[in-house]
Amino acid sequence: MRPTDRSTTPVTALTAPPDVAPTGVPAPGAGAGAAAARAYAESVARTRWGGPGREVREEDVVDLLLVVSELVTNAVRHGDGLAGFEVRPTEEGLWIAVHDNNTVVPEYVYAFPTAHPGGGYGWPIVARLARDVAVEPRPGGGKTISALVPLRAADTA
């Protein structure tokens, strides 16, 4: 993600999908890195979403880890640091939320770039692998980028 300028761009966004429980599973918070967030998200996918009789497809776990990596790395690089991270299992997959300390909305939130100046591949990857991607201002400053990463049950036959 490449920030535009230091102004806040108003966005219309959803919070957690309506079928998600209101209490999230706390995960690595401020100061954590992408590796800790990936490990936590994978653990939730395998134990809370999957579990006995409902194993998650490996390719979906790879997609989940890539989305988490991109969003957390961007929070650290462009969002003045990771302020928090949440993971909530839903029937469709995992809802993730990455909180940072910067109010700048990523330039490519609303559309893919028509020309690519190099770098900046993360946002198109997130948009391709996740759905219901939203950017919301946080009370007290910063923003939250949330997304639903679809998961499917592995074939057990």
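Let's start with Asp-132, which is partly exposed, its relative accessible area being 39%. In this predicted model, the residue sits in strand β4 and has a positive phi of about 55 degrees although it is not a glycine.

Asp-80 is another non-glycine residue with a positive phi, here near 60 degrees. Its place is in the loop between α2 (58-78) and β2 (82-89). With a relative accessible area of 47%, Asp-80 is partly exposed.

Strand β4 covers residues 131-137 and strand β5 covers residues 143-150; the two run antiparallel and are joined by five bridges. To find one of these pairings in the viewer, look at Glu-136, whose bridge partner in β5 is Thr-144.

Five residues lie between the strands of this hairpin, and Gly-140 takes a positive phi near 85 degrees there.

## The nonpolar core

Which residues have the most contacts inside the largest nonpolar core? They are Phe-85 and Ile-96, in a core of 32 residues. The elements that contribute two or more residues to this core are α1 (34-50), α2, β2, β3 (93-100), α3 (122-129) and β5. Of these, α2 gives the most, with eight residues. As general background, nonpolar side chains tend to be buried together in soluble globular proteins.

Leaving aside residues up to four places away in sequence, its contacts include Leu-64, Val-67, Val-68 and Leu-71. Ile-96 also touches Glu-86 and Val-87, along with Ile-145, Ser-146, Ala-147 and Val-149.

## One side of helix α3

Gly-122, Trp-123 and Val-126 are buried in α3. Why do they lie on the same side of the helix? They cover an arc of only 95 degrees around the axis, and therefore share one side of α3. The buried residues of this helix pack against α2, β4 and β5.

## Salt bridges within and across elements

How many salt bridges does a search of the whole structure find? The search finds nine. One of them joins Arg-46 to Glu-42, with the closest N and O atoms 2.9 Å apart. Both residues lie in helix α1, four residues apart, about one turn of the helix. An α-helix has 3.6 residues a turn, so residues three or four places apart point the same way. Arg-46 is partly exposed, with a relative accessible area of 28%, and Glu-42 is also partly exposed, at 25%.

A salt bridge between Arg-152 and Glu-59 has its closest N and O atoms 3.8 Å apart. This pair links distant parts of the chain, 93 residues apart: Arg-152 belongs to the segment after β5, and Glu-59 to helix α2. Arg-152 is partly exposed, with a relative accessible area of 40%, while Glu-59 counts as partly exposed at 42%. Both residues also take part in a network of salt bridges that links Arg-57, Glu-59, Asp-60 and Arg-152.

How values were computed:
Residues numbered from 1 in each chain as written. Predicted model: local features only at pLDDT ≥ 70, side-chain atom pairs only at ≥ 80, totals over all residues. Heavy atoms only, no water. Pairing = 2+ DSSP bridges. Buried < 20%, exposed > 50% of the residue type's maximum accessible area, 1.4 Å probe, protein only. Core = buried A, V, L, I, M, F, W, Y, C linked by side-chain atoms within 4.5 Å. Contact = heavy atoms within 4.5 Å. Arc of directions from axis to C-beta. Salt bridge = Lys/Arg side-chain N within 4 Å of Asp/Glu carboxyl O.
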